[in-house]
Structures are given as C-alpha cells and as structure tokens.
Amino acid sequence: MADTIKPEARATVNALQRMRMGVYLLTGDNRHTAHAIADKVGIPLEMVFAEVLPSHKQNKIKELQEGVGQKVCMIGDGINDSPALAQADVGIAVGTGTDVAVEAADIVLIKDNLTDVVTAIDLSKKTVYRIRINFLWAVVYNLVGIPLAAGVFVPLGVSLQPWMASLAMALSSVSVVCSSLLLKLYRKPRVVSSTE
C-alpha cells in the first residue's frame, strides 16, 4: 500500500529541478513502489531512499546535509516526518498534515498543493533580493548623507540645513518602504510539467 501521487507532483519536481535543486524521495514505501513513484514524478532512481523507517528519516536528512554540503529542505505531512522537518535547514509541512508536522516545520503550506513549494522558494528569493537592494540603498544614502550632515563638505561650499537633513532622513525611510512594497506586485510562477 502506498500514498497516492498528487497530480501536481511531476510539475513541482520539474520546476524544482529547473531551479537547479536536487530532488530526493525519502519514503517508508518498499523499493519497488518508491522506484515506480520516482519514475512517475521524474526523480532519478539514485536519488530515492526507500524503506526508511520514521526514526531514520532524520538521520537521512543529516547525511544529505553533510554529504551534499548545501541547504536541505524537507517536505512532509505526517507525524513520522516531524524529526526530519526539524532537522532540515528548511522544513515545509503541508497544511493538511498532522499538527506535530505543522509545529516542527518552518513553513506551512495552507493549501494541499505542492506547487506552493515552488512559490515559497521563489518568493523567499525575491524577498532576500529586495532586502539586499534596500540595504545597499541605505548604505549608499548614509555614506553620502552622514558626511554631508556632519559638515564635511562645508569647505567646498556645500552645507545642509537641519530641516534638509530631517527631510533627507524621512525620504530615506520612505524610499526603503516603497521599495519593500514592490513585493506586493509579486506573481507566483506558473508551474507546468515538462510534458505540457
């Protein structure tokens, strides 16, 4: 007996692979069933771990973290996934999963749709990019503004009145907030399978 494959599983695996992420299947199902599932969703057989006991899932995640040397994300929904979700660098629980899995995860997908994994990763990358842009903008603004406000450029005939400095500080904050609000324009990526 095995879990049914979600209709969006293949499209999600393809999208993650296009994002240059290694996708592994870690399951308690027997080897034959695991290989059949992996074949249907597009996961290479060498990236399949079958017949893994619930107590060993956490160890497999740890092995991947040490062996691959990259961040490891675990997606799960059952009580037996909780230790592995906690061990992973990023644990993602499907919202329809058990309360224990939801508590152990860093991210909880509200809908029971795996394509939201791709959306979560894409949105997090865009958010980090926006944070870096805001930080760069603030550093440049302060590298120019602080010496100007301190009067360093007075010998060159450039001075800043107190009201100008206050306005400049307010504009700096407003520009960072407006830059951050651009995330409201975010649209989730379209996830299609390679057969479409």
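The axes of helices α1 and α2 (31–41) come within 8 Å and cross at roughly 70°. Axes here are lines fitted to C-alpha atoms, for helices over the stretch in contact, and angles run from 0 to 180 degrees between N-to-C directions. Helices (H or I, at least four residues) and strands (E, at least two) are DSSP runs, numbered from the N terminus.

Before going on, a word on the model: it is predicted, local features need pLDDT of at least 70, side-chain atom pairs count only at pLDDT 80 or more, and totals for chains, interfaces and linings use all residues. Residues are numbered from 1 along each chain as its sequence is written, and side-chain values use heavy atoms, leaving out hydrogens and water.

**Helix α1 and its partners**

Which residues bring α1 and α2 together? Ala 9, Arg 10 and Val 13 come from α1, while Asp 39, Lys 40 and Val 41 come from α2; contact means heavy atoms within 4.5 Å. These residues divide into three nonpolar, no polar and three charged. In this sorting, Ala, Val, Leu, Ile, Met, Phe, Trp, Tyr, Cys and Pro count as nonpolar, Asp, Glu, Lys and Arg as charged, and the others, Gly among them, as polar.

Helix α1 also packs with α6, at an angle of about 25° and with the axes 8 Å apart. That makes α1 roughly parallel to α6. Here Thr 12, Ala 15 and Leu 16 of α1 meet Thr 115, Val 117, Val 118 and Ile 121 of α6. By class, this contact has five nonpolar, two polar and no charged residues.

How many of the 10 residues of α1 are buried? Seven are, so the helix is largely enclosed by the rest of the structure. Buried means under 20% relative accessible area, exposed over 50%, and partly exposed in between (1.4 Å probe, protein chains only). The buried residues are Ala 9, Ala 11, Thr 12, Val 13, Asn 14, Ala 15 and Leu 16, and the buried residues of α1 pack against α2 and α6.

**Helices α6 and α7**

The axes of α6 and helix α7 (residues 162–181) come within 9 Å and cross at roughly 165°. That makes α6 roughly antiparallel to α7. On the α6 side, the contact includes Arg 130, Ile 133 and Trp 137, and on the α7 side, Met 169, Leu 171 and Val 176 are among the residues met. The contact of α6 with α7 has seven nonpolar, five polar and one charged residues.

**Two aromatic pairs**

The structure holds two aromatic pairs. Rings of Phe, Tyr and Trp (its six-membered ring) pair if their centres lie within 6.5 Å; planes under 30 degrees apart count as stacked, over 60 as edge-to-face and the rest as tilted.

| Pair | Centre to centre | Between the planes | Kind |
|---|---|---|---|
| Tyr 24 and Phe 49 | 6.0 Å | 10° | stacked |
| Trp 137 and Tyr 141 | 5.4 Å | 50° | tilted |

Tyr 24 lies in the loop between α1 (9–18) and β1 (25–26) and Phe 49 in strand β2 (residues 48–49), so their pair ties together parts that are 25 residues apart in sequence. Tyr 24 is partly exposed, with a relative accessible area of 34%, and Phe 49 is partly exposed at 21%.

Trp 137 and Tyr 141 both sit in helix α6 (residues 115–150), four residues apart, about one turn of the helix. Trp 137 is partly exposed at 37% relative accessible area, and Tyr 141 is partly exposed at 21%.

Thr 27 lies in the loop between β1 and α2. Is Thr 27 buried or exposed? At 12% relative accessibility, Thr 27 counts as buried. Leaving aside neighbours within four places in sequence, Thr 27 is in contact with Ala 34, Phe 49, Ala 50, Glu 51 and Val 52.

Most residues other than glycine have a negative phi. Glu 51, in the loop between β2 and α3 (54–68), has a positive phi near 55° and is partly exposed at 47% relative accessibility. Just after α1, Arg 20 takes a positive phi of about 65°. Arg 20 lies in the loop between α1 and β1 and is exposed, with a relative accessible area of 79%.

Notes:
Parallel < 35°, antiparallel > 145°, perpendicular 65-115°, else oblique.
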